[in-house]
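Me: I'd like to learn how to read a helical model feature by feature. Please give me the general idea each time, then the case at hand.

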Amino acid sequence: MACVAVTWARPESTYTDKWDNINVDEILESNRLLKGYVDCPLGKGRCTPDGKALKETLPDALEHECVKCTGKQKSGADKVIRHLVNKRPDLWKELAVKYDPDNIYQARYKDKIDAVKGSA
């Protein structure tokens, strides 16, 4: 789940930076906001425009190691992964089941995931 952060697709060489200034810390600090951002890609809740874009982009970002992500998106993804792995493993597991049922990305990104464990 290397790019579970806020990323959005467009045909150019990077995802749109339209939502690059979203306050990731605010989302991670609010259970209500975080749940909304997780429920959208899981198909369990209504999606905001940026949540919908995340849901549409996430499979591509995972498959291609976030190569189309902007610097802010990569930084945000790292922060979100660290938070989910260390503080919300329940949500991390739900996302993994939905977006990585065959454990392909968990295996591909194992070193990165292991590196953030315990570094919340």
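**Two crossing helices**

Reply: Start with a pair: helix α4 (residues 71-87) and helix α5 (residues 89-99) have axes that come within 5 Å and cross at roughly 110°. Axes here are lines fitted to C-alpha atoms, for helices over the stretch in contact, with angles from 0 to 180 degrees between N-to-C directions. Helices are DSSP runs of H or I with at least four residues, strands are runs of E with at least two, and both are numbered from the N terminus. Before we go on, this is a predicted model, so local features need pLDDT of at least 70 and side-chain atom pairs count only at pLDDT 80 or more, while totals for chains, interfaces and linings use all residues. Residues are numbered from 1 along each chain as its sequence is written, and side-chain values use heavy atoms, with hydrogens and water left out.

Me: Which residues meet where α4 touches α5?

Reply: Contact means heavy atoms within 4.5 Å. On the α4 side you have I81, L84, V85, N86 and K87, and they meet P89, L91, W92 and L95 of α5. Sort the residues of that contact and you get seven nonpolar, one polar and one charged. The classes are Ala, Val, Leu, Ile, Met, Phe, Trp, Tyr, Cys and Pro as nonpolar, Asp, Glu, Lys and Arg as charged, and the others, Gly among them, as polar.

Me: How does the span of α4 compare with what is expected?

Reply: The expected span is 1.5 Å times one less than the number of residues. α4, with 17 residues, covers 24 Å between its first and last C-alpha, close to the expected 24 Å.

Me: Which residues of α4 are buried?

Reply: First the general idea: an α-helix has 3.6 residues a turn, so residues three or four places apart point the same way. Buried means under 20% relative accessible area, exposed over 50%, and partly exposed in between (1.4 Å probe, protein chains only). In α4 the buried set is Q73, G76, A77, V80, I81, H83, L84 and V85. Their cover includes α1 (24-29), α2 (31-42), α5 and α7 (110-116).

Me: Is K72 buried, partly exposed or exposed?

Reply: K72 sits in α4 and counts as partly exposed, at 49% relative accessibility. Leaving aside neighbours within four places in sequence, K72 touches D20 and N21. You can also see the chain come back here: I22 is 50 residues away from K72 in sequence, with the C-alphas 9.7 Å apart.

Me: What does T70 touch?

Reply: T70 lies in the loop between α3 (49-63) and α4, and at 15% relative accessibility it's buried. Beyond four places in sequence, T70 has contacts with T14, Y15, D17 and D20.

Me: And where is L42 found?

Reply: L42 belongs to α2 and is buried, with 12% relative accessibility. Skipping neighbours within four places, L42 is in contact with E94, L95 and K98. The C-alphas of L42 and L91 are 9.9 Å apart, though 49 residues separate them along the chain.

Me: Which residues have a positive phi without being glycine?

Reply: Most residues other than glycine have a negative phi. Among the exceptions here are E65, at about 55°, and N103, at about 65°. E65 is in the α3-α4 loop, N103 in the loop between α5 and α6 (104-108). Both count as partly exposed, E65 at 45% and N103 at 44%.

Me: How many aromatic pairs does the structure hold?

Reply: Rings of Phe, Tyr and Trp (its six-membered ring) pair if their centres lie within 6.5 Å; planes under 30 degrees apart are stacked, over 60 edge-to-face, and the rest tilted. There's one pair: Y105 and Y109, stacked, 6.4 Å centre to centre with 20° between the planes. Y105 is buried at 11% relative accessible area, and so is Y109 at 3%.

Me: How many helices and strands does the chain have?

Reply: Seven helices and zero strands, in the order α-α-α-α-α-α-α. Of its 120 residues, 43% count as buried. Among contacts between residues at least 6 apart in sequence, 74% join residues at least 24 apart.
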